[in-house]
Amino acid sequence: MTEDNYKQRGLRNKLVSKLRLKGITDEAVLSAIAKVPRHVFFEDALLSHAYEDKAFPIGEGQTISQPYTVAFQTEKLQIKPGNKVLEVGTGSGYQAAILLEMGATVYTIEFNRKLYEKTRDFLPMLGYRPYFFYGDGSKGIPIKAPFDKIIVTAGAPIIPQTLLNQLTEDGIMVIPVGNRDAQKMMRLIKKKEKVLKEEFNQFAFVPLLGAEGWNLSG
Ligand code: SAM
């Protein structure tokens with residue numbers, strides 16, 4: 001279902017009002033959320049939930065993040081048009097679509113092959129064209145580095161040093177860090193001689209796998 005009519009646009013405007021009430025103030029983020037048709041990322045059975053402020057399953061045991069979470073992380077990234085952004089955890093492609101609406105150039109990497117293939121084939125049909133990569137995003141994409149911004153959309157046990165190394169000077173990374181059940185959102189700003197760290201609210205993401213993520217075998 002890729003149709004987008006007045007009803008869905010109305011539901012999106014309501015969602016934007018909810019996000020304002022929850023403290024999101026960046027107008028560029030809110031206007032991207034008002035534009036990207038979230039319902040087209042949902043399977044038919046879950047369609048009626050598309051504009052609730054909740055995370056939902058997208059298959060393969062993975063989720064499309066809650067709109068508040070997408071808005072919070074994107075706001076903290078301070079996206080400017082033309083920014084080169086790495087997204088770790090493509091998932092449904094919804095977050096990538098928001099970043100593209102804001103004028104960023106997006107490199108997105110997914111570790112689950114089926115999801116990678118599904119989103120790589122689907123997202124361009126909506127007119128959203130990030131650069132898609134398949135593999136372990138906890139190691140970033142060295143051949144495409146450096147990035148102005150890095151967003152990690154899965155919960156990490158530690159701050160991956162490899163990702164920090166792939167940020168430009170004054171680059172910003174937003175990443176949830178913690179245990180398997182809950183993570184604190186962190187923002188890291190890379191300065192010449194040091195990295196500034198800020199901690200925000202608690203969130204609950206699916207685990208970041210891979211070399212600098214969780215080892216879930218055994
Ligand atoms: N950003 C997504 C969206 O807009 O739908 C939501 C992402 S979902 C919460 C987390 C994703 O991270 C899952 O699709 C999962 O397969 C992926 N993932 C986990 N570990 C990864 C890794 N090391 N590299 C790349 N993707 C990873």
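A pocket, as the term is used here, is found on a 1 Å grid over the protein atoms alone: it is an open set of points where a 1.4 Å probe fits, with protein on both sides within 12 Å along at least five of seven lines, and its lining residues have an atom within 4 Å of a point. The model is predicted, so that local features need pLDDT of at least 70 and side-chain atom pairs count only at pLDDT 80 or more, whereas totals for chains, interfaces and linings use all residues. Residues are numbered from 1 along each chain as its sequence is written, and side-chain values use heavy atoms, with hydrogens and water left out.

**Pockets**

The second largest pocket is lined by V40, F41, F42, E43, I58, G91, S92, L115, K118, T119 and F122. Helix α5 gives the most to this lining, with four residues. In the largest pocket, Q62, G89, T153, A154 and V206 are the closest to the centre among 37 lining residues. At least two residues of that lining come from each of β2 (62–64), α3 (67–77), β3, α4 (94–101) and β4. Helices (H or I, at least four residues) and strands (E, at least two) are DSSP runs, numbered from the N terminus. The table gives volumes, taken as the space filled by probe spheres set on grid points joined across faces, edges and corners. In its classes, Ala, Val, Leu, Ile, Met, Phe, Trp, Tyr, Cys and Pro count as nonpolar, Asp, Glu, Lys and Arg as charged, and the others, Gly among them, as polar.

| Pocket | Volume | Lining by class |
|---|---|---|
| Largest pocket | about 540 Å³ | 17 nonpolar, 17 polar and three charged residues |
| Second largest pocket | about 190 Å³ | six nonpolar, three polar and two charged residues |

**Sheet and helices**

An open sheet of seven strands has the order β5-β4-β3-β6-β7-β8-β9, with mixed pairing; two strands pair if DSSP finds at least two bridges between them. At its edges lie β5 (131–134) and β9 (195–203), each pairing on one side only. Strands β3 (residues 84–88) and β4 (residues 105–110) run parallel and are joined by five bridges. V88 has I109 in β4 as its bridge partner. Helix α5 (residues 113–122) packs on the sheet and touches β4 and β5, its direction making about 165 degrees with that of β5. Contact means heavy atoms within 4.5 Å, and angles run from 0 to 180 degrees between N-to-C directions of axes fitted to C-alpha atoms, for helices over the stretch in contact.

Helix α3 is largely enclosed by the rest of the structure, because 11 of its 11 residues are buried, meaning under 20% relative accessible area (1.4 Å probe, protein chains only). Q78 follows α3 and has a positive phi, near 50 degrees.

Notes:
Buried means under 20% relative accessible area, exposed over 50%, partly exposed in between (1.4 Å probe, protein chains only).
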